[in-house]
Amino acid sequence: RSSRQGADSGNGSPSSAAAETPSSEDFSLSLLDTNLPAEAETELRSFIVKRLTKGALFEGMGNVASVGLSIPEYRVGCYYCRFQQENLLEMATVESDTNNAPEYVVCFLGGSEKEDTFRLELDRYIQSLKINLDLEQKTLETHVNPYFRSWFENAICPIQRVVQLFQEKLAFLLHAALSYTPVEVKNADERTEKDISRFLAAASLQGLVQEGTMTSLCIAMTEEQHKSMIIDCSGPQPQLHNAGSNRFCEDWMHAFVNGAEGGNPFLFRQILENFKLKAIQDINNLKRFIRQAEMNHYALFKCYMFLKNCGSGDILLKIVKVEHAEMPEARNVVTVLEEFMRE
C-alpha cells in the first residue's frame with residue numbers, strides 16, 4: 001500500500017515484527033507480518049534494528065521518523081512502537097522473568113512525517129492491540145491482520161469523517177468542545193459515535209489549560225447548561241438539539257469545510273491544532289488585559305472590546321471566571337465584564 005498514490009493521499013502501510021527484549025546487544029528480530037515488498041521490508045528491519053541497538057525505543061511510546069525505502073523510491077513517514085502483550089507482561093512480572101517475555105515492534109508507514117500529528121492516537125491504537133489481541137499464530141489471520149489493515153481508517157480518519165458528516169453544523173461541535181458542554185449521541189452506529197467522541201476530545205483544550213480549570217468548567221457547564229447537547233444520527237444528516245455556537249466557531253467551521261475538498265486527514269488535524277492554538281492565544285490575551293484592568297479603567301474597556309470582537313467572548317469569559325474564582329480583584333473585573341456583555 002506504499003504506492004506513490006498512497007503517499008499523495010496520506011494512505012499508509014502497516015508492517016509488524018516480533019523481537020525479543022533488546023536489553024542486551026544479543027537479540028533477534030523476526031518478521032511476524034507485513035504487506036511490504038521484501039526489499040523494503042529488509043530496509044525497514046535494518047532501521048528498526050539500529051533503533052533497538054541504541055536503546056531508543058521505550059515500551060508503549062511511539063516515535064515518528066522519516067525512513068528511506070527503495071520500493072517505493074522516496075522517503076516515507078514511519079510510526080514505530082515497541083510493546084509487550086498486556087497479559088504476558090503481567091505473567092512475566094509475577095514470575096520476575098520479564099527478559100524472556102517476547103516483545104513486538106509495530107510500524108505504520110504513511111506518505112510523510114505528518115503521522116507525528118497523530119502520534120497520540122496511534123499510541124492508543126497500540127494500547128488497544130496490547131489489551132485486546134492475542135498475537136498467537138492461530139489468531140494472526142482472523143484478528144491481528146484485520147486490525148493492522150484498518151489502522152489508517154480507525155486512527156487517522158475520524159476527524160475527516162466528522163467534518164464530512166456535519167458540514168456547516170460542525171460549528172456547534174466545535175463550540176461544545178471548547179465550552180466543555182456535555183454531549184449525548186443517539187441513534188448512531190458504533191464507528192460514528194466513536195468518531196464524534198474522538199473529535200470532541202481532540203478539539204477540547206484538555207492538556208492546554210489547567211486541569212483544575214477544566215474540571216471546574218465541566219462541573220459549571222453541566223450545572224448551568226441546563227441540558228446536554230444532543231446529536232441525533234437517525235437521519236442522513238445529524239440533527240442537533242440544545243446546541244450553541246459563536247462567530248469564532250463559525251469562522252473555523254468554514255476553514256474545515258473549505259479544506260474538505262482536498263480530502264487530506266492531516267490537513268484537518270492541522271486546522272484543528274490551529275483552532276486550539278488561537279483559542280489559547282485569546283485566553284492568554286484576555287488574562288493579560290484582566291491583570292491590567294485591576295489597576296486601569298482604560299484596560300477594562302480594552303477587555304470589553306476584546307471580548308466583543310474576538311467572536312468567542314461567551315466561552316472565554318466562562319474560562320477566566322473559573323480560573324480567577326479565588327482572586328478577588330480579578331474576580332471583580334470579570335463580574336463587571338459579565339455585566340457589560342449582558343447589556
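Modeller: One convention to start with: axes are lines fitted to C-alpha atoms, for helices over the stretch in contact, and angles run from 0 to 180 degrees between N-to-C directions. Keep in mind that this is a predicted model. With that, helix 7 (residues 158-166) and helix 9 (residues 190-203) have axes that come within 9 Å and cross at roughly 105°.

Colleague: Why are helix 7 and helix 9 called roughly perpendicular?

Modeller: The label covers 65 to 115 degrees. Their axes cross at roughly 105°, so helix 7 and helix 9 count as roughly perpendicular to each other. Helix 7 brings Pro 158, Ile 159, Arg 161, Val 162, Leu 165 and Phe 166 to the contact, and helix 9 brings Arg 191, Thr 192, Asp 195, Ile 196, Arg 198, Phe 199 and Ala 202. By class, that is 8 nonpolar, 1 polar and 4 charged residues.

Colleague: What makes helix 12 and helix 13 roughly antiparallel?

Modeller: Helix 12 (residues 265-293) packs on helix 13 (residues 297-309) at about 155°, their axes 8 Å apart. Angles over 145 count as roughly antiparallel, and therefore this pair gets that name. The contact includes Leu 286, Phe 289 and Ile 290 of helix 12, along with Leu 300, Cys 303 and Phe 306 of helix 13. Its classes come to 9 nonpolar, 2 polar and 2 charged residues. As for handedness, helix 12 passes helix 13 in a left-handed crossing.

Colleague: How do you know that the span of helix 12 agrees with its 29 residues?

Modeller: You take 1.5 Å times one less than the number of residues. For the 29 residues of helix 12 that should give 42 Å, and the end C-alpha atoms are 42 Å apart, so the two agree.

Colleague: And what caps the N-terminal end of helix 12?

Modeller: Asn 264 does: one of its side-chain oxygens lies 2.9 Å from the backbone nitrogen of Phe 266. The cut-off for a polar contact is 3.5 Å, and the 2.9 Å pair falls within it.

Colleague: Last pair. Why is helix 8 called roughly parallel to helix 14?

Modeller: The axes of helix 8 (residues 170-179) and helix 14 (residues 313-323) come within 10 Å, crossing at roughly 15°. Since angles under 35 degrees count as roughly parallel, helix 8 is roughly parallel to helix 14. The crossing is right-handed. His 175, Leu 178 and Ser 179 of helix 8 meet Asp 314, Ile 315 and Ile 319 of helix 14, which by class gives 3 nonpolar, 2 polar and 1 charged residues.

Conventions: Residues numbered from 1 in each chain as written. Predicted model: local features only at pLDDT ≥ 70, side-chain atom pairs only at ≥ 80, totals over all residues. Heavy atoms only, no water. Helix = DSSP H or I, 4+ residues; strand = E, 2+ residues; numbered from the N terminus. Left-handed = near helix turned anticlockwise from the far one by under 90°. Contact = heavy atoms within 4.5 Å. Nonpolar A, V, L, I, M, F, W, Y, C, P; charged D, E, K, R; others polar. Polar contact = N/O pair within 3.5 Å; in protein donor to acceptor, adjacent residues only side chain to side chain.
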